[in-house]
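Dear colleague,

My notes on what was found in it follow.

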Amino acid sequence: MNWLLESTHLPDRIDPSSLPIATLAYVGDAVQSFFAKIKFLSDLNVTQIHKKVARSVSREAQARCLEQILSQLDERELSVVKRALNSKCAKRYGNDADYRKSTALEALIGYLYLIGDRQKLMEILSASLRE
């Protein structure tokens, strides 16, 4: 999977920290879903894989994961999380705290992927995909 992390090259004019939160969350959702699918491949049954992935990327699971990793984030990562928690897209379902936190986790994952911080990305993906 390292090739996937190394093959994404953003044009020089794009700064991931300036991208809209909805865009970062969209990328983060795709990255987390992909890694979850790969992690659970050993089940060999698509239905079982789908159920495990759905549980792992649910807003409740993502909210719990964000709560667990918050103390491990640096200032720039916390900035992305705070922007996401207060974003318009995170408030799509009113004041649903789990939805806001899940959007924040997805945005953080998207941000880390786009800046190429593989170590932190893998730490967070591993934490988010614990069964």
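Please bear in mind throughout that this is a predicted model. I begin with the largest nonpolar core, which has 33 residues, and in which Leu24, Ile69 and Ile124 touch the most other members. Helices H2, H3 (46-56), H4 (59-69), H5 (75-85), H6 and H7 (118-128) each supply at least two residues of this core, and the largest share, 9 residues, comes from H6.

As for Leu24 itself, once its neighbours within four places in sequence are left aside, this residue is in contact with Pro16, Leu19, Val80, Glu106, Ala107, Gly110, Tyr111 and Leu114.

That brings me to the packing of two helices, H2 (residues 21-39) and H6 (residues 97-115), whose axes come within 6 Å and cross at roughly 80 degrees; since angles of 65 to 115 degrees count as roughly perpendicular, H2 and H6 are therefore roughly perpendicular to each other. Among the residues making this contact are Ile21, Leu24, Val27 and Val31 of H2, together with Leu105, Ala107, Tyr111 and Leu114 of H6. By class, the contact of H2 with H6 has 11 nonpolar, 4 polar and 2 charged residues.

Finally, a word on Gln68, which has its place in helix H4 and which, at 49% relative accessibility, counts as partly exposed, given that exposed means over 50%. The C-alpha atoms of Gln68 and Ile124 are separated by 9.9 Å, although the two residues lie 56 residues apart along the chain.

With best wishes

Conventions: Residues numbered from 1 in each chain as written. Predicted model: local features only at pLDDT ≥ 70, side-chain atom pairs only at ≥ 80, totals over all residues. Heavy atoms only, no water. Axes fitted to C-alpha atoms, helices over the stretch in contact; angles between N-to-C directions. Helix = DSSP H or I, 4+ residues; strand = E, 2+ residues; numbered from the N terminus. Parallel < 35°, antiparallel > 145°, perpendicular 65-115°, else oblique. Contact = heavy atoms within 4.5 Å. Nonpolar A, V, L, I, M, F, W, Y, C, P; charged D, E, K, R; others polar. Core = buried A, V, L, I, M, F, W, Y, C linked by side-chain atoms within 4.5 Å. Buried < 20%, exposed > 50% of the residue type's maximum accessible area, 1.4 Å probe, protein only.
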